[in-house]
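Welcome! Here is a friendly tour of one protein model, with stops at its packed helices, its cavities and one of its pockets.

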Amino acid sequence: MSIGDYLRPAPPHAAAEAWRDRDHRPQRGIEPGGEAFRAAVAEIRAQVAEQVDEAADREEAMRLIRAGVVRWAQDRLLLGSEVPPEAVQRQLAQAVFDERFAMGALSAFLEDPDVENIDVNGCDQVWITYADGVKVRGPAVAASDAELIEKVRLWGVHGGMTAREFSAANPLLNTALEQGTRLSAVMAVTPRPHVSIRRHRLAEVTLAMLHKLGTIDEGLRSLLRAAVRARKNIVVTGGVNAGKTTLLRALAAEINPDERIATLESEHELYLHRLERHRDVVALEARLANSEGAGAITLHELIPQALRLNPTRIIVGEVRSTEVIPMLEAMNSGQEGSLTTIHANRAEEIFNRILILALRGGLHLAPEAIHLLTGMALDLVVHIRHDARGNARYVAEVMEVLPPADAALPARNLIYRPGPSGRAVPAATPHCLPDLVAAGFQADLLDHRSGLWAPIYQRAGGSIR
C-alpha cells in the first residue's frame with residue numbers, strides 16, 4: 001500500500017464521507033459544519049453554561065440546552081435574522097451538548113466503531129485514521145487555536161476520573177475519557193496545540209477474537225490461555241500503537257471471573273472494572289499534583305497500597321519508570337499471574353529496558369541485582385508488532401525468562417520466533433511445559449514434526465497425534 005492509499009480523498013467510511021460532501025457544498029445560512037453554525041453553538045453554549053453546569057444529570061442538561069436553543073431562535077426572529085429550521089435547531093442542541101459532555105465536532109467520529117485514532121494539529125488540521133489503515137482529513141474542531149486549548153482544558157477537567165490541568169504551567173495532558181478513549185495533548189512547547197485521541201475499539205476482546213483477527217494462531221492461543229491459568233507472570237512488549245493494551249485485555253479475559261484483580265494505570269485504558277466478565281476489580285489510577293504541586297499519587301506509591309487490598313493478581317497497564325521495581329517485587333511476593341506492558345522493539349530488549357527504566361527513575365540498585373530480580377519475577381515475554389502497511393497486528397515472539405545462570409542477564413528461551421511472514425512460529429520447548437499442559441495447553445495443536453515439544457509434553461502425561 002502506498003502513501004497515496006492512506007491519504008486517498010474518497011474513503012469508504014460513512015462519517016468521513018458525509019463530512020467531505022457537506023464541507024464542499026456552498027455554505028448558506030446556518031448549516032452544520034459551517035462557520036455560522038460553530039458561532040451559533042458558541043453563543044448558545046455561553047448562554048446556557050451556568051444552568052447546564054448545575055443540572056442534576058445529562059437528561060436535564062439536554063432539556064436546558066434545547067430550551068436555550070428555542071430562546072436563541074426567538075431572539076433572532078425578533079432581530080429579523082434568519083431562523084434555522086427545526087432540524088438544524090436539533091443539531092445545534094446536540095452540538096452544544098457534545099461540546100460540554102463529549103468531544104464536540106469529533107463526537108460523530110468517536111461513535112464510529114471503525115475509527116482508531118484522531119490526530120489534531122491546531123484547530124483546523126484534523127486527521128482521522130481507521131482500523132483498515134485509511135487516513136482522511138477531518139473537520140475543524142475549533143475556530144482558533146485558543147479555542148482548541150480551551151476545549152482541551154474542559155476535556156481534561158470533565159472527561160476523566162480525576163481532573164487534570166492543561167495550561168501554560170502544565171502544558172502536557174494525558175487522560176482517559178468516559179467514552180473509553182485516551183487523550184494526549186501538548187501546548188506551549190509546540191508552535192500550535194496538538195491533540196491525539198486513541199480509541200479502544202476492542203474493550204471486550206478475548207484471545208479467541210485475536211485468533212479470528214489473525215493476531216495469534218490456534219496453538220499460540222492455547223499456550224497463552226494456559227499461561228494465564230497457570231499463573232505465569234507475563235509482560236507484553238511492543239512499540240507505540242502495536243496493540244499491547246488490547247493483548248493485555250485479552251490475556252486478562254482468561255482470568256477466573258471471581259478472582260480479585262487490582263489494575264494500576266497512569267490513566268485508565270484497561271477498563272476491566274467496567275466489564276461484566278470481571279466481577280471483583282479494584283481499579284486504581286495515578287493522580288497528578290494540583291496547581292500548588294501537592295496531591296500527586298504515583299504508580300510507585302499505588303502498587304504497595306494495592307497489595308494491601310488483597311488482590312490475587314496485579315495488572316499494571318504500562319510500566320514507564322520507577323514502578324518497575326515494586327512491580328517486579330510484587331511478582332516475587334506471592335502475586336503470581338501478574339500482567340503488565342512495556343515499550344520495547346524486541347522481546348530480548350526487555351532486560352535492558354527494565355534496567356534503563358529503573359536507573360532513569362533514580363533507583364540505586366546494581367544492574368546485576370535488577371537483572372536477578374527480573375529473572376526471578378518474569379515467566380513469559382510476549383512481543384506484538386504492528387505492520388503499518390496493512391495496519392495488521394500480530395504476535396511475533398514469545399520468550400521464556402529464567403533466572404540468571406552464567407551471565408549477568410537472565411537466561412532466556414525463545415519459545416516462538418518470527419517466521420518468514422514475521423508472525424510467531426514454534427522454535428523451542430518451554431521449560432514450563434508441564435505447568436502449561438496441566439493448565440489446559442493443547443500442545444497437539446502445534447506442529448510436532450520437529451520434535452521440539454514432544455519430550456517434555458510426553459513426560460507431562462500427554463500424547464502427540
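A crossing of two helices is called left-handed if the near helix is turned anticlockwise from the far one by less than a right angle, and right-handed if clockwise. With that in mind, the crossing of H11 and H12 is left-handed, while the crossing of H3 and H4 is right-handed. Please keep in mind that this is a predicted model.

**Helices H11 and H12**

- Two packed helices are described by the angle between their axes and the distance between the axes.
- For helix H11 (residues 299-307) and H12, the angle is about 20 degrees and the axes are 8 Å apart.
- Angles under 35 degrees count as roughly parallel, so H11 is roughly parallel to H12.
- On the H11 side, the residues that meet H12 are His 300, Ile 303 and Leu 307; their partners in H12 are Pro 326, Met 327 and Ala 330.
- Sorted by class, the residues of this contact of H11 with H12 are 5 nonpolar and 1 polar, with no charged residue.

**Helix H3 against helix H4**

- Helix H3 (residues 35-53) and helix H4 (residues 58-78) have axes that come within 9 Å and cross at roughly 130 degrees.
- That angle makes H3 oblique to H4.
- H3 brings Ala 40, Glu 43, Ile 44, Gln 47, Val 48, Gln 51 and Val 52 to the contact.
- H4 answers with Ala 61, Leu 64, Ile 65, Gly 68, Val 69, Arg 71 and Trp 72.
- The contact of H3 with H4 has 9 nonpolar, 3 polar and 2 charged residues.

**Helix H3 against helix H5**

- H3 also packs with helix H5 (residues 86-101), at an angle of about 60 degrees and with the axes 9 Å apart.
- Here too the angle makes the pair oblique, H3 to H5.
- The crossing of H3 and H5 is right-handed.
- From H3, the contact is made by Phe 37, Ala 40, Val 41, Ile 44, Arg 45, Val 48, Val 52 and Asp 53.
- From H5, the contact is made by Val 88, Gln 91, Leu 92, Ala 95, Val 96, Glu 99, Arg 100 and Phe 101.
- By class, the contact of H3 with H5 divides into 11 nonpolar, 1 polar and 4 charged residues.
- Ala 40, Ile 44, Val 48 and Val 52 of H3 take part in the contact with H4 and also in the contact with H5.

**Cavities**

- How many cavities of 30 Å³ or more does the structure hold? There are 2 of them.
- The largest cavity holds about 70 Å³ of space.
- Lining the largest cavity are Thr 245, Glu 265, Ser 266, Glu 267, Glu 269, Leu 270, Leu 299, Gly 317, Glu 318 and Arg 320.
- That lining of the largest cavity is made of 2 nonpolar, 3 polar and 5 charged residues.
- The second largest cavity has a volume of about 30 Å³.
- Around the second largest cavity you will find Val 235, Val 319, Val 324, Met 327, Leu 328, Met 331, Thr 340, Ile 342, Ile 354 and Leu 378.
- Helix H12 (324-331) and strand E11 (339-343) are the elements that give two or more residues to the lining of the second largest cavity.
- H12 supplies the largest share of that lining, with 4 residues.
- The lining of the second largest cavity has 9 nonpolar residues and 1 polar residue, and no charged one.

- About 680 Å³ of space lies in the second largest pocket.
- By class, the lining of the second largest pocket has 9 nonpolar, 9 polar and 12 charged residues.

How values were computed:
Residues are numbered from 1 along each chain as its sequence is written. This is a predicted model: local features need pLDDT of at least 70, side-chain atom pairs count only at pLDDT 80 or more; totals for chains, interfaces and linings use all residues. Side-chain values use heavy atoms; hydrogens and water are left out. On a 1 Å grid over the protein atoms alone, a cavity is a set of points where a 1.4 Å probe fits but cannot get out, and a pocket is an open set with protein on both sides within 12 Å along at least five of seven lines; lining residues have an atom within 4 Å of a point. Grid points are joined across faces, edges and corners, and a volume is the space filled by probe spheres set on the points. Ala, Val, Leu, Ile, Met, Phe, Trp, Tyr, Cys and Pro count as nonpolar, Asp, Glu, Lys and Arg as charged, and the others, Gly among them, as polar. Axes are lines fitted to C-alpha atoms, for helices over the stretch in contact, and angles run from 0 to 180 degrees between N-to-C directions. Angles under 35 degrees count as roughly parallel, over 145 as roughly antiparallel, 65 to 115 as roughly perpendicular and the rest as oblique. Contact means heavy atoms within 4.5 Å.
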